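Open the model in your viewer and keep the selection panel at hand. We will go from the whole chain to single residues.

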Amino acid sequence: MKKISICVLLGIALVFSGCSKKEDNNEAKQADSKMPVFALIDSASFDFGTIQEGAIVEHNFKFRNDGAYPLILNNITSSCGCTTPEWPKEPIGPKQTSSIKVRFDSKHKSGPQVKTITVYANTEPAYSELRLKGIVNSTPTK
């Protein structure tokens with residue numbers, strides 16, 4: 001009789017633990033649906049075409065927060081010191097738009113260029129990538 005009671009209690013415990021996991025999954029899904037969303041309005045890539053070495057290219061990547069909570073851009077890094085990003089430091093509210101200004105200095109650069117800008121934010125996934133690309137014609141030597 002004791003064996004049957006223990007089996008019944010274990011069975012009940014397993015049923016309840018399975019229910020709590022379903023509730024946890026539902027709560028996680030609800031939280032994910034309210035997370036800030038970094039949504040680019042245009043493209044994640046900008047082709048600046050062909051420029052002469054020494055020229056400076058600037059581009060604004062426009063984005064919107066498509067989430068239910070404020071979007072916070074924690075940090076933005078670039079793959080090269082020749083590329084510098086400027087971004088809003090204050091939170092971007094739900095459905096608000098803003099932009100990230102990226103500046104590429106082609107001094108001492110020539111040939112095809114692809115620069116990656118990584119945006120770290122309170123989103124899922126925690127980062128997004130932007131690209132700046134083009135061709136730099138070298139300055140003729142005298």
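Among contacts in the protein chain between residues at least 6 apart in sequence, what percentage join residues at least 24 apart? The share is 68%, where contact means heavy atoms within 4.5 Å.

A word on the model before you click. It is predicted, with local features needing pLDDT of at least 70 and side-chain atom pairs counting only at pLDDT 80 or more, while totals for chains, interfaces and linings use all residues. Residues are numbered from 1 along each chain as its sequence is written, and side-chain values use heavy atoms, with hydrogens and water left out.

**Stop 1: the whole chain**

Show the cartoon. You will find 1 helix and 8 strands. Along the sequence the pattern reads α-β-β-β-β-β-β-β-β. These elements are DSSP runs numbered from the N terminus: helices are H or I with at least four residues, strands are E with at least two.

Of the 142 residues, 27% count as buried. Buried means under 20% relative accessible area, exposed over 50%, and partly exposed in between.

**Stop 2: the open sheet**

Select β1 (38-40), β3 (56-65), β5 (83-86) and β6 (97-105). These 4 strands form an open sheet in the order β1-β3-β6-β5, with antiparallel pairing. At the edges lie β1 and β5, each pairing on one side only. Neighbouring strands here are turned by 30° against each other on average, direction ignored. The axes behind that angle are lines fitted to C-alpha atoms, for helices over the stretch in contact, and angles run from 0 to 180 degrees between N-to-C directions. Two strands pair if DSSP finds at least two bridges between them.

Walk across the sheet:

- β1 to β3: 3 bridges join them. Select A39, which stands opposite R64 in β3.
- β3 to β6: 9 bridges join them. Select K62; its bridge partner in β6 is S99.
- β5 to β6: 4 bridges join them. Select P85, which stands opposite V102 in β6.

**Stop 3: the nonpolar core**

Which residues touch the most other members of the largest nonpolar core? Select L73, I100 and F104, out of 22 residues in that core. At least two core residues come from each of β2 (45-52), β3, β4 (73-78), β6, β7 and β8. Such a core is a set of buried Ala, Val, Leu, Ile, Met, Phe, Trp, Tyr and Cys residues joined through side-chain atoms within 4.5 Å.

Centre on L73. Leaving aside residues up to four places away in sequence, L73 touches F38, F63, W87, P88, I100, V119, Y120 and A121.

**Stop 4: backbone exceptions in the loops**

Most residues other than glycine have a negative phi, and most peptide bonds are trans.

- K95: phi is positive, about 70°, although K95 is not a glycine. Find K95 in the loop between β5 and β6. K95 counts as exposed because its relative accessibility is 55%.
- H108: phi is positive here too, about 65°. H108 lies in the loop between β6 and β7. Its relative accessible area is 66%, so H108 is exposed.
- E124 and P125: a cis peptide bond joins them, with omega about 5°. P125 sits in the loop between β7 (111-121) and β8 (127-137).

How values were computed
Buried means under 20% relative accessible area, exposed over 50%, partly exposed in between (1.4 Å probe, protein chains only).
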